[in-house]
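Here's a quick briefing on the model below. Have a look at the fold first, then read on.

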Amino acid sequence: MLKVKDVSFSYTKQMPSLEHINLDIQPGECILLCGESGCGKTTLTKVINGLIPHFYNQGTLNGEVIYRGKTIGNMRMYEIAKYISSVFQNPKSQFFHTQSDAEIVFGLENEGMDTNFIKKRFQKVVSDLHVNNLTGRSVFSMSGGEKQQLAFASVYAMNPKIYVLDEPTANIDQEAIERLTEIIKKIKERGHTVIIAEHRLFFLKDIIDRAIYIRNGKIEQILNKDEFFKLSEDQRISMGLRTLHKETLCLSYGSNDKDFVNVEITGLSCGFKRKFLFKNLNLSFKEGSILGITGKNGVGKSTLCRCIAGLHKEKSGTIKWNGKPLKMKKRRALCSMVMQDVNHQLFSDSVYNECRLGNEKVSDEKIFDVLEQFDLLKYKDAHPMSLSGGQKQRLAVETSILSEKKILIFDEPTSGLDYRRMINVSKQIKSLSERGHCIMIISHDIEFLNQTCNQVFQL
């Protein structure tokens, strides 16, 4: 049994992240941690897996987490690792190797397991998770969703008693979500405990035993599975939770406008070195359109958008704006892109300075107005890297909006966003569309695509 006993934690004296958390989690239980972004879900996972206090030792921790009669805070990290394994919100932050096979077996090698056992375990992981497409590859060649699957595979290889998963579906496609659902069911049946912090909830209907609803660092409600999935729409929305039911895409496919188009892509081929991700792609859209880009993990969605934004060299083909071909430099001047991993594009020492960076002509009044719309005004003096994953995502979207560039590209913009923030981002994007911007959105988030886009292109 895992016991969270009167745990409180604050990163700074002014901002407590957790207050008096008490939980008893039984072997074989699947627990959902839910609530609006920034409510303390990720912090609670870090207390459970021992990262607080072993790595995050600057804050103030009270209370304790007890497993098998031992206090997690007093155990050595190698002891904790035998029982508890985690998949982080940003899987890149837990990789130790640049090659996928080595990453999957890293934990086993670190424990000094027999070579033959490691080989057999590796084959079982690949077979159970259906991740043959991830073997023998460089981590740097993988999409965000593939990295997420690789991180789960490396944890699954360790066969821990407790899985701690932070936003495990944030960037993966529907097929991968279905595989993850089945594997969580199996590990539950074997008596393993699963703790999931998530915003996407529909796939958990047949998995969870209890939902722990957290607001402002405190447990506000504990609901069993039936109670949770019987919440009314009004209750769900008031709690800031995403849809509880699986949605289907309700948008028309295809984006080759017959009318005058502003962006015209003809015969585009992209890839890395000698490998092509796609060939002879044709795509066109006009000012005011909001185009969703969908497709399986690793198919080349992010590469396509990086190419359009002038961040990746095409192998062949042309990209035109108002009938004129654009080289990479001019595309960079025309486009703003929010990357899948927003940590790559946060540079300043405060939220305010991040908004000001590259947007020198924008007034303070507009910056503060947009900060308030994105619920970030109270963090204007905070360091961007101190924000939660969802808050970073909103900050990156905001800086793109402030840039006022004609083509705006968003790569998985709802990663880490709760319902209220998702709706807010959707409204902001629609507002930009009304002002004549061309907008592209890469996403596996069907709820968001249906809410925001007017057409979709499947790669």
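Helices (H or I, at least four residues) and strands (E, at least two) are DSSP runs, numbered from the N terminus. This is a predicted model, so to speak of local features we need pLDDT of at least 70, side-chain atom pairs count only at pLDDT 80 or more, and totals for chains, interfaces and linings use all residues. Residues are numbered from 1 along each chain as its sequence is written, and side-chain values use heavy atoms, with hydrogens and water left out.

**Annotated spans**
- UniProt, in an unreviewed entry, places the feature "domain: ABC transporter" at residues 2-241 and 263-459; its positions are in the numbering used here, feature names are shortened, and annotations may be inferred rather than shown by experiment.
- Residues 263-459 are 35% helix and 26% strand, and the end C-alpha atoms of that span lie 17 Å apart.

- Six strands make an open, mixed sheet in the order 6-7-8-3-9-10 (two strands pair if DSSP finds at least two bridges between them).
- Strand 6 (84-87) and strand 10 (218-224) are the edges, each pairing on one side only.
- From one strand to the next, the twist averages 15 degrees (axes are lines fitted to C-alpha atoms, for helices over the stretch in contact, and angles run from 0 to 180 degrees between N-to-C directions).
- Strand 6 pairs with strand 7 (residues 162-166) in the parallel sense over four bridges, and serine 86 stands opposite valine 164 in strand 7.
- Helix 6 packs on the sheet, touching strand 6 and strand 7, and its direction makes about 170 degrees with that of strand 6 (contact means heavy atoms within 4.5 Å).

**Aromatics**
- The count comes to eight aromatic pairs; rings of Phe, Tyr and Trp (its six-membered ring) pair if their centres lie within 6.5 Å, and planes under 30 degrees apart count as stacked, over 60 as edge-to-face and the rest as tilted.
- Phenylalanine 152 and tyrosine 163 are stacked, because their ring centres are 6.2 Å apart and their planes at 25 degrees.
- Phenylalanine 152 sits in helix 6 and tyrosine 163 in strand 7, 11 residues apart.
- Phenylalanine 152 is buried at 7% relative accessible area, and tyrosine 163 is buried at 0% (buried means under 20%, exposed over 50%, partly exposed in between, with a 1.4 Å probe and protein chains only).
- Phe152, Tyr156 and Tyr163 form one aromatic cluster.
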